[in-house]
Amino acid sequence: MTPDDLARLVDDYRAGIEAELQLLHQLQTVARTQHDVTRTGDYEAFGTVAGRRDEIMRSLVMIEEGLRAVRQTLGEHRAVVSRIEGFEDVAALHREAGRLVNTILATDQASMSALADAEMARRSALASLERGEATLAAYRRVLTPPVANATLVDRRG
């Protein structure tokens, strides 16, 4: 592969990574929104936002599939590619994409933690309701005599 071919691949990779960065910024916004609606318990809004996230992820995967071969070729010729003008800028974009992914993953982790906390609270509330129901049922049995006692009173009275 000639240096000119590699320079074209660097340009292709730049275009691809810039498109990915745009999607990652959108994904970061979506992740924050999901985190916010998770904390507020608005699970209907969460579902709507999740649909948007799926669309972004499909686009991101499509771009990434196209960049995989370019990235591999650039990696195989790293010694030559590293001397191509603009390569350092592309490498910086690549690092920025990595940082964005880490930020998104951290936000997702916080969302999952909030969902787990909400699930624990839901289970605790359910257990409390079940205990209350059992106690109330026992109290009802005390207040309402069994039918057998009522027939005993009817025979004597």
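Leu143 is exposed, with a relative accessible area of 54% (exposed means over 50%, buried under 20%, partly exposed in between, with a 1.4 Å probe and protein chains only). Leu143 lies in helix 4, residues 87-143 (helices are DSSP runs of H or I with at least four residues, numbered from the N terminus). This is a predicted model, in which local features need pLDDT of at least 70 and side-chain atom pairs count only at pLDDT 80 or more, while totals for chains, interfaces and linings use all residues. Residues are numbered from 1 along each chain as its sequence is written, and side-chain values use heavy atoms, with hydrogens and water left out.

**Helix 4**

- The 57 residues of helix 4 should span 84 Å at 1.5 Å a residue, and the end C-alpha atoms are 83 Å apart, which agrees (the expected span is 1.5 Å times one less than the number of residues).
- Buried residues of helix 4 include Phe87, Leu93, Leu100, Ile104 and Ala114.
- Cover for the buried residues of helix 4 includes helix 1, helix 2 and helix 3 (78-81).

**Salt bridges**

- The structure holds six salt bridges (a side-chain nitrogen of Lys or Arg within 4 Å of a carboxyl oxygen of Asp or Glu).
- Arg53 and Asp108 form a salt bridge at 2.4 Å, N to O.
- This pair links distant parts of the chain, with Arg53 in helix 2 and Asp108 in helix 4, 55 residues apart.
- Arg53 is buried at 16% relative accessible area, and Asp108 is buried at 15%.
- Arg8 pairs with Asp5 in a salt bridge, with the closest N and O atoms 2.5 Å apart; both residues lie in helix 1, three residues apart, about one turn of the helix.
- Arg123 and Glu119 meet in a salt bridge at 2.8 Å, N to O, and both lie in helix 4, four residues apart.
- Arg123 is exposed at 54% relative accessible area, whereas Glu119 is partly exposed at 27%.
- An α-helix has 3.6 residues a turn, so residues three or four places apart point the same way.

**Glu20**

- Glu20 is found in helix 1, residues 3-40.
- Glu20 is buried yet has no salt bridge, and the nearest side chain of opposite charge, Arg71, is 4.6 Å away (Lys and Arg count as positive, Asp and Glu as negative; His and the chain ends are not counted).
- Apart from neighbours within four places in sequence, Glu20 is in contact with Leu60, Ile63, Glu64 and Leu67 (contact means heavy atoms within 4.5 Å).

Key
Helices (H or I, at least four residues) and strands (E, at least two) are DSSP runs, numbered from the N terminus.
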